Amino acid sequence: MSRKDTAVQTNKVCKTVCQQNKVPVSKEDMEKLMDIARDYCTVKNYVYQRYGGIKSLQKLYPGYTVQNEMTKSGLRGRLGMPSVYFYLAVYDALGDIKCQWTRIKTSVLERLNRNEGFTEADRHYLRFLLKAGNAFEQVLNGKRVELKSELQQQYDLLSADVEAGRLNRYLY
């Protein structure tokens, strides 16, 4: 995420809860719910902080890697949080992070379509990186693009026709 995107984030997660029952929730139950809500917020903020960056992109899909790491971290035990809420918080935060990366990819795609400095081959190469497997993540992390065999052949053909290094820097 860019600095601009992270500057907008705050330390608060706001949720609207509507209670629709005849009798108000008791103070003890409400306190218990508030504790769960605070712990939920803590877990989500931890996931944002730890997995919101470029280096964690490969762990986001399908999310089991993050789930396993979060289980091993011991955070749930320290918070004393029920596992159902813990994993809901983890996957809620992962969903937000994935959505943000999708917005970033869409924004890059819109900008590259408007950029008149690119040839059609340049645009095709960049679109391929944005849509093919984990090519985008590998480029952002400065790794060599390695894909499944048929996609790798297509990548090799596309990258031979353009200045791949220059175009990869455009994605940074």
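## Cysteines

With a disulfide taken as a pair of cysteine sulfur atoms within 2.5 Å, the count comes to zero disulfides in what is a predicted model, where local features need pLDDT of at least 70, side-chain atom pairs count only at pLDDT 80 or more, and totals for chains, interfaces and linings use all residues. Residues are numbered from 1 along each chain as its sequence is written, and side-chain values use heavy atoms, with hydrogens and water left out.

On a scale where buried means under 20% relative accessible area, exposed over 50% and partly exposed in between (1.4 Å probe, protein chains only), Cys41 is buried at 18%, whereas Cys99 is partly exposed at 34%.

## Aromatic pairs

Rings of Phe, Tyr and Trp (its six-membered ring) pair if their centres lie within 6.5 Å, with planes under 30 degrees apart counted as stacked, over 60 as edge-to-face and the rest as tilted; by this rule there are five aromatic pairs. One of them joins Phe118 and Tyr170 edge-to-face, at 4.8 Å centre to centre and 90° between the planes. Because Phe118 lies in the loop between helix H6 (83-114) and helix H7 (120-131) and Tyr170 in helix H10 (residues 164-171), this pair ties together parts that are 52 residues apart in sequence; helices here are DSSP runs (H or I, at least four residues), numbered from the N terminus. Phe118 is buried, with a relative accessible area of 8%, while Tyr170 is partly exposed at 30%.

The rings of Tyr125 and Tyr155 form a tilted pair, with centres 5.9 Å apart and planes at 35°. Tyr125 is buried at 0%, and Tyr155 is buried at 10%. Together with Phe128, Tyr125 and Tyr155 form one aromatic cluster.

Definitions and conventions
Helix = DSSP H or I, 4+ residues; strand = E, 2+ residues; numbered from the N terminus.
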